[in-house]
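Please read this note with the sequence and the model open beside it.

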Amino acid sequence: ATLDSDEARSATHVVVLSHITPFMADEDEGSGYFNWRVAPRRAVLAAAERAGVKLWLCGHLHQNTCTLSRGGIELVTTGSCGSNINWTIPPSELAPARQFDFLSVTSDP
């Protein structure tokens, strides 16, 4: 179902799943490899809020992190089921990066 559907409006719980999180730390953070471009991010977050979404599950980062949208949606980014990546910089700095040298921002397990 889409966020603006009758099913979403009448559902007890509406949960969003996406591979990439809309943002890691701040709704206004810059766009990068680990988050969405700003305009689509704002549009879909607004639709999710209207649909009563309280939980949004994401991946892509291969690390665990949580944040809240201004509208109260909990965004949970989970590591992969195989392994996590040991990032050496926080998700808030990693998210807007457009390019990075993988070896310089990771460490051994």
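1. A residue is called buried when its relative accessible area is under 20%, exposed when this area is over 50%, and partly exposed in between, with a 1.4 Å probe and protein chains only. At 23% relative accessibility, Val38 therefore counts as partly exposed. Across the chain, 38% of the 109 residues count as buried.

2. Some notes on the source belong here. The model is a predicted one, in which local features need pLDDT of at least 70 and side-chain atom pairs count only at pLDDT 80 or more, while totals for chains, interfaces and linings use all residues. Residues are numbered from 1 along each chain as its sequence is written, and side-chain values use heavy atoms, with hydrogens and water left out.

3. Helices (H or I, at least four residues) and strands (E, at least two) are DSSP runs numbered from the N terminus. The chain has three helices and four strands, and from the N terminus these elements follow one another as α-β-α-β-β-β-α. Along its principal axes, the C-alpha trace spans about 45 × 30 × 20 Å.

4. β1 pairs with strand β2 (residues 55-58) in the parallel sense, over three bridges. Within this pairing, Val15 stands opposite Leu55 in β2, and the bridge partner of Val16 in β2 is Trp56.

5. In a regular strand the side chains alternate between the two faces of the sheet. In β2, Trp56 and Cys58 form the covered face, whereas Leu55 and Leu57 form the uncovered one.

6. Val38, from the opening point, is found in helix α2 (residues 38-50). Leaving aside neighbours within four places in sequence, Val38 is in contact (heavy atoms within 4.5 Å) with Glu29 and Ser31. The C-alpha atoms of Val38 and Asp108, which are 70 residues apart along the chain, are separated by 33 Å.

7. Contacts can also be viewed over the whole chain: among those between residues at least 6 apart in sequence, 45% join residues at least 24 apart.

Key
Pairing = 2+ DSSP bridges.
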